[in-house]
Amino acid sequence: MNLSIDIARRILEASKQRAKELRSPVSIAIVVSGGHLVLFERMMSPYGWATGNISIAKASTAVMFNQSTDAVAQWGAGIPGFASSMSEMTHGKFIMAAGGWPIRIGGATVGGIGVSGGNAPGRDDEIARAGLGALEVMAPAIPAQPAQPAQPLQPQQQQHSRPYMQPTPSYPSMPAPNNPSMPLSNSGVGQQQNVPVDQQAGTQHLVSDQTQEEENPYNDKMQFNDSRSGGQQ
């Protein structure tokens with residue numbers, strides 16, 4: 001954003017109005033962010049033409065350091081040769097005295113104002129700040145946000161739009177089957193016995209007669225011996 005001539009005029013007129021109220025004729029200078037002079041007016045200052053150059057130097061210094069010239073004077077006074085070096089580098093457009101302020105619009109520095117010739121301590125600074133007050137009047141008011149109607153509370157079951165977001169019940173894990181090759185210790189109470197896996201699961205298998213005979217070939221002999229022994233008795 002740039003400093004327009006209309007905004008510069010309003011700032012200058014506000015500063016002049018405050019100077020008239022204080023009965024303090026001063027010189028007022030307004031520069032853009034590059035330090036170039038935009039507006040200047042000398043209000044019949046009794047101090048001659050020097051106040052004009054000083055007001056321009058104050059406006060340029062405020063833009064150069066992006067802070068008030070009073071603040072620049074406070075920390076610059078502790079640096080030997082600072083004032084003379086800066087004045088020579090800027091061809092006389094640097095000064096360490098109160099009365100200069102940066103002009104900011106929307107948080108960006110777009111220019112500076114400098115006032116010189118006040119007939120009392122602090123008058124230059126007060127007149128310059130009065131000009132900056134015109135920017136606050138020109139700032140558009142922030143529209144108030146309309147109140148949002150309260151949203152009705154939804155039932156608990158409608159809070160989750162996806163079924164997989166619902167909490168899932170936890171089930172106890174099934175014990176892993178024991179390895180028959182690894183015997184269990186007999187010590188302790190409640191330990192499991194070394195039982196085949198088929199019997200642990202409670203499953204039953206149907207076995208054919210032929211398979212039973214192959215597994216136990218002595219069934220017929222045992223029955224025969226029993227019948228013979230019974231006959232002898």
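Ser60 is buried, because its relative accessible area is 6% and buried means under 20% (exposed is over 50%, partly exposed is in between, with a 1.4 Å probe and protein chains only). This serine is found in helix H2, residues 50-65. Leaving aside neighbours within four places in sequence, Ser60 is in contact with Val31, Gly35 and Lys93, where contact means heavy atoms within 4.5 Å.

Before we go on, here is how to read the values. This is a predicted model, in which local features need pLDDT of at least 70 and side-chain atom pairs count only at pLDDT 80 or more, while totals for chains, interfaces and linings use all residues. Residues are numbered from 1 along each chain as its sequence is written, and side-chain values use heavy atoms, with hydrogens and water left out.

**The whole protein**

- The secondary structure comes to 8 helices and 4 strands; helices (H or I, at least four residues) and strands (E, at least two) are DSSP runs, numbered from the N terminus.
- The protein has 233 residues, of which 27% count as buried.
- Among contacts with a separation of 6 or more, 61% come from residues 24 or more positions apart.

**The sheet**

- An open sheet is formed by 4 strands in the order E2-E1-E4-E3, and the pairing is antiparallel; two strands pair if DSSP finds at least two bridges between them.
- Strand E2 (37-42) and E3 are the edge strands, each pairing on one side only.
- From one strand to the next, the twist averages 15°.
- Within the sheet, E1 and E2 pair in the antiparallel sense over 5 bridges, and Val31 stands opposite Leu37 in E2.
- Val31 is also one of the contacts of Ser60.
- E1 and E4 pair in the antiparallel sense over 6 bridges, with Gly114 in E4 as the bridge partner of Ala29.
- How much of E4 is covered? Mostly: 7 of its 9 residues are buried.
- A handy general point is that in a regular strand the side chains alternate between the two faces of the sheet.

- Strand E3 (residues 100-105) and strand E4 (residues 108-116) run antiparallel and are joined by 6 bridges.
- Trp101 has Ile113 in E4 as its bridge partner, and Ile105 has Ala108.
- The hairpin has 2 residues between the strands, and there Gly106 takes a positive phi near 65°.

**Helices and the sheet**

- H1 lies across E1, E2, E3 and E4, and runs at about 25° to E2; axes are lines fitted to C-alpha atoms, for helices over the stretch in contact, and angles run from 0 to 180 degrees between N-to-C directions.
- H2, the helix that holds Ser60, also lies across E1, E2, E3 and E4, running at about 155° to E4.

**Helix H1 against helix H5**

- Two packed helices are described by the angle between their axes and the distance between the axes.
- For H1 and helix H5 (residues 123-138), that angle is about 130° and the axes are 7 Å apart.
- H1 is therefore oblique to H5, since angles under 35 degrees count as roughly parallel, over 145 as roughly antiparallel, 65 to 115 as roughly perpendicular and the rest as oblique.
- The residues of this contact divide into 11 nonpolar, 2 polar and 3 charged; Ala, Val, Leu, Ile, Met, Phe, Trp, Tyr, Cys and Pro count as nonpolar, Asp, Glu, Lys and Arg as charged, and the others, Gly among them, as polar.
- On the H1 side you can look for residues including Ile7, Ile11 and Arg18, and on the H5 side for residues including Ile127, Leu135 and Met138.

**Two loop residues with positive phi**

- Arg23 has a phi near 55°, a positive value in a residue other than glycine.
- You will find Arg23 in the loop between helix H1 (5-21) and strand E1 (27-32).
- Is Arg23 buried or exposed? Arg23 counts as exposed because its relative accessibility is 72%.
- His91 also has a positive phi in a residue other than glycine, near 60°.
- The place to look for His91 is the loop between helix H4 (82-89) and E3.
- His91 has a relative accessible area of 72%, so this histidine is exposed.
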